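Dear colleague,

Please find the structure below, followed by a short account of what was found in it.

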Amino acid sequence: EPEVTQTPSHQVTQMGQEVILRCVPISNHLYFYWYRQILGQKVEFLVSFYNNEISEKSEIFDDQFSVERPDGSNFTLKIRSTKLEDSAMYFCASSREDSNQPQHFGDGTRLSIL
Amino acid sequence: AQKVTQAQTEISVVEKEDVTLDCVYETRDTTYYLFWYKQPPSGELVFLIRRNSFDEQNEISGRYSWNFQKSTSSFNFTITASQVVDSAVYFCALKGYTGANSKLTFGKGITLSVRP
(Lines give C-alpha, C1' and ligand atoms only; values in the text may rest on other atoms or scores of the structure.)
Protein backbone atom coordinates (compact mmCIF):
# COMPACT_ATOMS: atom_id res chain seq x y z
CA GLU A 1 0.00 0.00 0.00
CA PRO A 2 1.41 3.44 -0.90
CA GLU A 3 2.55 5.53 2.02
CA VAL A 4 3.86 8.93 2.94
CA THR A 5 7.59 8.87 3.64
CA GLN A 6 9.49 11.37 5.74
CA THR A 7 13.19 11.96 6.15
CA PRO A 8 15.08 12.11 8.37
CA SER A 9 13.41 10.19 11.16
CA HIS A 10 15.35 12.21 13.74
CA GLN A 11 17.04 15.57 13.31
CA VAL A 12 19.21 17.22 15.95
CA THR A 13 20.01 20.88 15.33
CA GLN A 14 21.59 23.73 17.22
CA MET A 15 19.30 26.62 18.12
CA GLY A 16 19.38 29.31 15.47
CA GLN A 17 20.22 26.93 12.65
CA GLU A 18 18.03 26.30 9.64
CA VAL A 19 16.44 22.90 9.23
CA ILE A 20 14.61 21.30 6.31
CA LEU A 21 12.25 18.41 6.84
CA ARG A 22 11.42 16.34 3.81
CA CYS A 23 8.33 14.43 2.78
CA VAL A 24 7.30 12.37 -0.20
CA PRO A 25 3.48 12.29 -0.30
CA ILE A 26 1.47 9.50 -1.86
CA SER A 27 1.86 9.87 -5.60
CA ASN A 28 -1.75 10.48 -6.67
CA HIS A 29 -2.53 12.82 -3.80
CA LEU A 30 -3.02 16.53 -4.44
CA TYR A 31 -3.28 18.02 -0.96
CA PHE A 32 -0.39 18.23 1.44
CA TYR A 33 -0.11 19.16 5.08
CA TRP A 34 2.31 19.62 7.93
CA TYR A 35 1.37 19.04 11.55
CA ARG A 36 3.46 19.00 14.68
CA GLN A 37 3.17 17.24 18.02
CA ILE A 38 5.09 18.52 21.01
CA LEU A 39 6.00 15.61 23.25
CA GLY A 40 2.97 14.32 25.12
CA GLN A 41 0.60 16.82 23.55
CA LYS A 42 -1.97 16.78 20.79
CA VAL A 43 -1.30 17.00 17.10
CA GLU A 44 -1.50 20.59 15.83
CA PHE A 45 -2.07 21.82 12.30
CA LEU A 46 0.65 23.96 10.75
CA VAL A 47 -0.10 24.41 7.07
CA SER A 48 -1.96 23.00 4.08
CA PHE A 49 -0.75 23.23 0.49
CA TYR A 50 -2.45 22.75 -2.84
CA ASN A 51 -1.65 23.67 -6.41
CA ASN A 52 1.74 25.05 -5.42
CA GLU A 53 0.48 27.47 -2.85
CA ILE A 54 -0.47 27.60 0.79
CA SER A 55 -4.20 27.08 1.34
CA GLU A 56 -4.30 27.68 5.06
CA LYS A 57 -1.83 28.18 7.88
CA SER A 58 -2.12 28.30 11.62
CA GLU A 59 -0.77 30.97 13.94
CA ILE A 60 2.11 28.63 14.73
CA PHE A 61 3.26 28.92 11.13
CA ASP A 62 4.98 32.28 11.37
CA ASP A 63 7.62 33.90 9.17
CA GLN A 64 10.24 31.41 10.34
CA PHE A 65 8.40 28.62 8.56
CA SER A 66 8.06 27.98 4.86
CA VAL A 67 6.94 25.13 2.65
CA GLU A 68 7.90 24.17 -0.84
CA ARG A 69 7.21 21.55 -3.42
CA PRO A 70 10.46 21.78 -5.34
CA ASP A 71 9.66 18.98 -7.78
CA GLY A 72 6.86 16.57 -8.55
CA SER A 73 7.45 14.36 -5.56
CA ASN A 74 8.94 16.18 -2.57
CA PHE A 75 7.21 18.46 -0.10
CA THR A 76 9.47 20.27 2.36
CA LEU A 77 9.09 22.24 5.57
CA LYS A 78 11.84 24.73 6.35
CA ILE A 79 12.40 26.41 9.69
CA ARG A 80 14.77 29.32 9.15
CA SER A 81 16.13 29.98 12.62
CA THR A 82 15.15 27.24 15.01
CA LYS A 83 14.14 27.87 18.61
CA LEU A 84 14.07 25.49 21.55
CA GLU A 85 10.29 25.43 21.41
CA ASP A 86 10.40 24.07 17.85
CA SER A 87 11.41 20.71 19.32
CA ALA A 88 8.58 18.37 18.37
CA MET A 89 7.53 15.53 16.11
CA TYR A 90 6.63 16.89 12.68
CA PHE A 91 4.17 14.94 10.59
CA CYS A 92 3.60 15.29 6.89
CA ALA A 93 0.24 14.17 5.49
CA SER A 94 -1.39 13.97 2.11
CA SER A 95 -4.89 13.33 0.82
CA ARG A 96 -6.75 12.83 -2.41
CA GLU A 97 -8.95 15.47 -3.90
CA ASP A 98 -12.23 14.41 -2.35
CA SER A 99 -13.10 16.37 0.75
CA ASN A 100 -14.08 13.32 2.73
CA GLN A 101 -10.87 11.44 2.09
CA PRO A 102 -8.65 10.80 5.10
CA GLN A 103 -5.27 12.38 5.43
CA HIS A 104 -2.54 9.77 5.43
CA PHE A 105 0.39 10.54 7.68
CA GLY A 106 4.06 9.76 7.44
CA ASP A 107 5.97 8.28 10.36
CA GLY A 108 7.14 11.73 11.41
CA THR A 109 10.46 13.48 11.93
CA ARG A 110 11.52 14.03 15.51
CA LEU A 111 13.19 17.44 15.65
CA SER A 112 15.40 18.13 18.67
CA ILE A 113 16.76 21.65 19.12
CA LEU A 114 19.77 21.99 21.41
CA ALA B 1 -14.15 27.40 15.57
CA GLN B 2 -13.77 23.68 15.79
CA LYS B 3 -13.04 21.76 18.91
CA VAL B 4 -12.56 18.11 19.82
CA THR B 5 -12.72 17.00 23.41
CA GLN B 6 -11.42 13.67 24.62
CA ALA B 7 -12.15 13.89 28.32
CA GLN B 8 -10.47 10.61 29.19
CA THR B 9 -6.70 10.97 29.30
CA GLU B 10 -5.56 7.50 30.29
CA ILE B 11 -7.37 4.18 30.39
CA SER B 12 -5.92 0.93 31.63
CA VAL B 13 -7.67 -2.40 31.06
CA VAL B 14 -6.85 -6.05 31.29
CA GLU B 15 -6.66 -8.01 28.08
CA LYS B 16 -10.03 -9.21 26.75
CA GLU B 17 -11.94 -6.41 28.42
CA ASP B 18 -14.06 -4.13 26.27
CA VAL B 19 -13.15 -0.44 26.32
CA THR B 20 -14.89 2.65 24.97
CA LEU B 21 -13.03 5.81 24.06
CA ASP B 22 -15.15 8.95 24.12
CA CYS B 23 -15.03 11.87 21.72
CA VAL B 24 -17.18 15.01 21.73
CA TYR B 25 -16.85 17.64 19.05
CA GLU B 26 -17.97 21.19 18.30
CA THR B 27 -18.34 22.74 14.89
CA ARG B 28 -20.54 25.29 13.13
CA ASP B 29 -20.19 23.49 9.80
CA THR B 30 -23.25 21.58 8.66
CA THR B 31 -21.06 19.19 6.72
CA TYR B 32 -18.04 17.77 8.48
CA TYR B 33 -16.02 14.61 8.85
CA LEU B 34 -14.86 12.74 11.89
CA PHE B 35 -11.83 10.49 12.14
CA TRP B 36 -10.05 8.24 14.58
CA TYR B 37 -6.30 7.79 14.41
CA LYS B 38 -4.09 5.42 16.40
CA GLN B 39 -0.58 6.34 17.51
CA PRO B 40 1.31 3.25 18.71
CA PRO B 41 4.47 3.59 20.82
CA SER B 42 6.53 3.75 17.62
CA GLY B 43 4.97 7.16 16.99
CA GLU B 44 3.31 7.00 13.60
CA LEU B 45 -0.30 8.07 13.07
CA VAL B 46 -2.49 5.34 11.64
CA PHE B 47 -5.88 6.15 10.13
CA LEU B 48 -8.64 3.93 11.54
CA ILE B 49 -12.00 5.27 10.40
CA ARG B 50 -13.83 8.18 8.76
CA ARG B 51 -17.44 9.18 9.26
CA ASN B 52 -19.41 11.84 7.39
CA SER B 53 -21.79 14.12 9.27
CA PHE B 54 -24.73 13.03 7.14
CA ASP B 55 -24.15 9.34 7.78
CA GLU B 56 -25.05 8.34 11.31
CA GLN B 57 -24.91 4.65 10.64
CA ASN B 58 -22.68 2.96 13.14
CA GLU B 59 -19.87 0.79 11.93
CA ILE B 60 -18.23 -2.40 13.05
CA SER B 61 -14.90 -3.62 11.77
CA GLY B 62 -13.68 -6.73 13.50
CA ARG B 63 -13.12 -5.88 17.16
CA TYR B 64 -13.59 -2.17 16.51
CA SER B 65 -16.91 -0.35 16.45
CA TRP B 66 -17.88 3.30 16.24
CA ASN B 67 -20.99 5.03 17.54
CA PHE B 68 -21.73 8.38 15.90
CA GLN B 69 -24.52 10.40 17.53
CA LYS B 70 -25.12 13.79 15.98
CA SER B 71 -27.67 14.74 18.63
CA THR B 72 -24.99 14.63 21.31
CA SER B 73 -22.06 15.56 19.02
CA SER B 74 -20.26 12.39 19.96
CA PHE B 75 -18.22 9.86 18.02
CA ASN B 76 -17.21 7.10 20.40
CA PHE B 77 -14.92 4.19 19.66
CA THR B 78 -15.23 0.77 21.26
CA ILE B 79 -12.63 -1.98 21.21
CA THR B 80 -14.09 -5.37 22.04
CA ALA B 81 -11.91 -8.04 23.64
CA SER B 82 -8.91 -5.75 23.86
CA GLN B 83 -5.43 -7.03 23.15
CA VAL B 84 -1.98 -5.87 24.25
CA VAL B 85 -1.33 -4.68 20.68
CA ASP B 86 -4.17 -2.18 21.11
CA SER B 87 -2.01 -0.23 23.55
CA ALA B 88 -1.55 3.17 21.94
CA VAL B 89 -2.71 6.77 22.01
CA TYR B 90 -6.00 7.22 20.19
CA PHE B 91 -6.90 10.57 18.65
CA CYS B 92 -10.30 11.72 17.52
CA ALA B 93 -10.17 14.39 14.82
CA LEU B 94 -12.63 16.70 13.07
CA LYS B 95 -12.48 18.18 9.61
CA GLY B 96 -14.92 20.91 8.73
CA TYR B 97 -15.96 21.49 5.18
CA THR B 98 -14.29 24.71 4.20
CA GLY B 99 -12.71 23.08 1.22
CA ALA B 100 -11.29 19.79 0.10
CA ASN B 101 -8.07 20.35 1.99
CA SER B 102 -9.47 21.57 5.26
CA LYS B 103 -7.29 20.95 8.26
CA LEU B 104 -7.81 18.29 10.88
CA THR B 105 -8.48 19.43 14.43
CA PHE B 106 -7.33 16.80 16.89
CA GLY B 107 -8.35 16.04 20.43
CA LYS B 108 -5.70 15.62 23.09
CA GLY B 109 -5.69 11.87 22.73
CA ILE B 110 -6.43 8.97 25.05
CA THR B 111 -3.61 6.71 26.18
CA LEU B 112 -4.88 3.16 26.28
CA SER B 113 -2.84 0.54 28.12
CA VAL B 114 -3.90 -3.07 27.78
CA ARG B 115 -2.27 -5.33 30.37
CA PRO B 116 -1.83 -9.05 29.77
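A residue is called buried under 20% relative accessible area, exposed over 50%, and partly exposed in between (1.4 Å probe, protein chains only). This is a predicted model, in which local features need pLDDT of at least 70, side-chain atom pairs count only at pLDDT 80 or more, and totals for chains, interfaces and linings use all residues. Residues are numbered from 1 along each chain as its sequence is written, chains are lettered from A and ligands numbered from 1 in the order in which they are written, and side-chain values use heavy atoms, with hydrogens and water left out.

In chain A, Arg22(A) is partly exposed, at a relative accessible area of 40%. Arg22(A) belongs to strand 3 (residues 19-24) of chain A; strands (E, at least two residues) are DSSP runs, numbered from the N terminus. Beyond its neighbours within four places in sequence, Arg22(A) has contacts (heavy atoms within 4.5 Å) that include Thr5(A), Trp34(A) and Phe75(A).

In chain B, five of the six residues of strand 9 (residues 74-79) are buried, so this strand is largely enclosed by the rest of the structure. Two strands pair if DSSP finds at least two bridges between them. Strand 9 of chain B pairs antiparallel with strand 8 (residues 64-69) of chain B over six bridges, and Trp66(B) stands opposite Phe77(B). In the hairpin of these two strands, four residues lie between them, and Ser73(B) has a positive phi near 50°. Strand 3 (residues 19-21) of chain B also runs antiparallel to strand 9 of chain B, joined by three bridges, with Thr20(B) partnered by Thr78(B).

Yours sincerely
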